[in-house]
Amino acid sequence: MDLTFSESETAFRDELRRWLAANPPPPEPSDVEDGQFARRRDWQRQLNDGGWAAPHWPQEYGGRGASPTESAIYFEELGRARVPQPANTLGLLLGGPTLMAWGTDEQKERFLPPILSAEEIWCQGFSEPDAGSDLAALKTRAVFDGDDWVVTGQKVWTSGAQHSKWCMLVARTDFEVAKHKGLTYFLMDVEQEAVEIRPLRQITGEAEFNELFIEEARIPDANVIGGAGNGWKVALTTLMNERAGLGFALQVRLRQQLDDLLAIASERGLLDDPLVADALADLHVRCESIRLLAWKGLSDAERYGQPGPEGSLVKWLWSDTNQRLSQLAAEVVGPEALTAGTHWSYELLRARGNSIEGGTTEVLKNIVAERVLGLPRLKAAA
Ligand SMILES: Cc1cc2nc3c(=O)[nH]c(=O)nc-3n(C[C@H](O)[C@H](O)[C@H](O)COP(=O)(O)OP(=O)(O)OC[C@H]3O[C@@H](n4cnc5c(N)ncnc54)[C@H](O)[C@@H]3O)c2cc1C
């Protein structure tokens, strides 16, 4: 794989750099959750006005038809400029691509533009109290009634639901068939009385995710994505995009965190401490491996048209490395990193969830073993 940029890729990067230099994000708000969200929403509008909200989307849907390499440049440049995440990350990276793969023309026309402009925020309603890793075990049920589906059940860990209009909801619609076959993928309007959103406060102090209690919510049949009974395949498209797209953006942020930590260690004269130097060198090697694996994932997506299971490897290595990094930061920075409200204490606490969110490390290891390395399936081996 050749990582030298072509002339047009260099031109793409330079255009984006110029735009970012001329269009800085809105200033940091005081440390209030809603203020942060409003800033990210304004920033996404700004990106969209400049044609930079989702360059990886095809031109006909408001993107630039960027190649995977250009998309990688995009994430790296955004990382380099240290701008905030757009408010509708799940819509841009997961929902939009899922809709483009499975949606009807009417659905694309209706739902894609407000994803780009951040007018309508999306969240992901997959996990339930008894269905996380084993998503197909979910119990939320949808029954057809007139022109609508009537949905009852409970979702959990729904990130950003408090800001969202649309929920990518997987529900059981057929109870007679094998569990993977009886699922349907819906777009549910969460702004209805039948959907109660209760925030869950995390160890960091913020309430990033929520419980959803759904009591006979109505979803028009027109909001089924990919056809009734086809929900498992549609959900897999969302999950593959989650691991590939988010994985790339996250490895860029990991590098920044390491650069920051290196600077602090240097300021404190800790680079001469062999234990610290050794741990930093290990993190550097890990960051480079993850970066190259993420690039490889993108080139595979270019070749095969869809992200592959290698995204699981990137996600697993990223979460492990980020946890090591924030742990080392606590040692390098000292007591300040253990004081509530500081940057590094937030990173230390937030990193705990990395090996759970978007697929737990144990489950990702199974995927890598079976689908990347071709090892025998656990059940067959048993
Ligand atoms: C910060 C954060 C944000 C999240 N945001 C969302 C969101 O927006 N939308 C959403 O739908 N979900 C979200 N989730 C939920 C997340 O996807 C689930 O937590 C995850 O899939 C694991 O499911 P579970 O918590 O039910 O654990 P379980 O699946 O019950 O797993 C429990 C333990 O058993 C292990 N285990 C399970 N199956 C296997 C197996 N086959 N082999 C080996 N070990 C196994 C797991 O690794 C884990 O250690 C979020 C989670 C976090 C932490």
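Predicted model: local features only at pLDDT ≥ 70, side-chain atom pairs only at ≥ 80, totals over all residues.
**Exercise 1. The ligand**

Find the distance between a backbone N or O atom of Phe126 and an oxygen atom of the ligand. Then describe the shell around the ligand.

Solution. 
- Step 1. One of its backbone N or O atoms lies 3.0 Å from a ligand oxygen.
- Step 2. On its own, the ligand has 980 Å² of accessible area, and the protein covers 66% of that.
- Step 3. Turn to side chains. Thr360 has a side-chain N or O atom 2.6 Å from an oxygen atom of the ligand. Glu362 places a polar side-chain atom 2.6 Å from an oxygen atom of the ligand.
- Step 4. Count the surrounding residues. There are 18, and the closest are Gln124, Ser133, Trp157, Thr360 and Glu362.
- Step 5. Sort the shell by class. It has ten polar, five nonpolar and three charged residues.
- Step 6. Helix 10, residues 361-372, gives the most to the shell, with three residues.

**Exercise 2. Strand 4**

Is strand 4 (residues 166-172) enclosed or open? Which strands pair with strand 4, and in what sense?

Solution. 
- Step 1. Check burial. A residue is buried if its relative accessible area is under 20%. In strand 4, seven of the seven residues are buried, so the strand is largely enclosed by the rest of the structure.
- Step 2. Trp166, Met168, Val170 and Arg172 point one way. Cys167, Leu169 and Ala171 point the other way. All of these residues are buried.
- Step 3. Take one partner. Strand 1, residues 122-125, runs parallel to strand 4, and four bridges join them. Cys123 has Cys167 of strand 4 as its bridge partner.
- Step 4. Take another partner. Strand 5, residues 183-189, pairs with strand 4 in the antiparallel sense over seven bridges. Here Val170 stands opposite Tyr185.

**Exercise 3. Thr184**

Is Thr184 buried or exposed? What does its side chain reach?

Solution. 
- Step 1. Locate the residue. Thr184 is in strand 5.
- Step 2. Read its accessibility. The relative accessible area is 0%, so Thr184 is buried.
- Step 3. List its contacts, leaving aside neighbours within four places in sequence. They include Leu169, Val170 and Ala171. Val224, Gly227, Ala228 and Gly229 are also among them.
- Step 4. A polar side-chain atom of Thr184 lies 2.8 Å from the backbone nitrogen of Gly229.

**Exercise 4. Two asparagines**

Say where Asn322 and Asn241 sit. Then find a polar partner for the side chain of each.

Solution. 
- Step 1. Find what Asn322 touches beyond four places in sequence. The residues are Leu254, Ala351 and Asn354. With Asn354, the contact is also polar: the two side chains meet at 2.8 Å.
- Step 2. With a relative accessible area of 14%, Asn241 is buried.
- Step 3. Follow its side chain. The side chain of Asn241 reaches the backbone oxygen of Thr237 at 2.8 Å.

**Exercise 5. Glu288**

Which side chain makes a polar contact with that of Glu288? How far is Glu288 from Arg255?

Solution. 
- Step 1. Classify it. Its relative accessible area is 25%, so Glu288 is partly exposed.
- Step 2. Name the partner. The side chains of Glu288 and Arg291 form a polar contact of 3.2 Å.
- Step 3. Compare chain and space. Glu288 and Arg255 are 33 residues apart along the chain, and their C-alpha atoms are separated by 8.5 Å.

**Exercise 6. Positive phi**

What is the phi of Arg82, and what is the phi of Trp157?

Solution. 
- Step 1. Recall the background. Most residues other than glycine have a negative phi.
- Step 2. Take Arg82. Its phi is near 55°, a positive value. Arg82 sits in the loop between helix 3 and helix 4. At 45% relative accessibility, it counts as partly exposed.
- Step 3. Take Trp157. Its phi is near 60°, also positive. Trp157 sits in the loop between strand 3 and strand 4.
- Step 4. Link back to Exercise 1. Trp157 is one of the closest residues to the ligand.

Methods
Residues numbered from 1 in each chain as written. Heavy atoms only, no water. Contact = heavy atoms within 4.5 Å. Polar contact = N/O pair within 3.5 Å; in protein donor to acceptor, adjacent residues only side chain to side chain. Buried < 20%, exposed > 50% of the residue type's maximum accessible area, 1.4 Å probe, protein only. Pairing = 2+ DSSP bridges. Near = heavy atom within 4 Å. Areas by Shrake-Rupley, 256 points an atom, 1.4 Å probe, with all protein chains shown as cover. Nonpolar A, V, L, I, M, F, W, Y, C, P; charged D, E, K, R; others polar.
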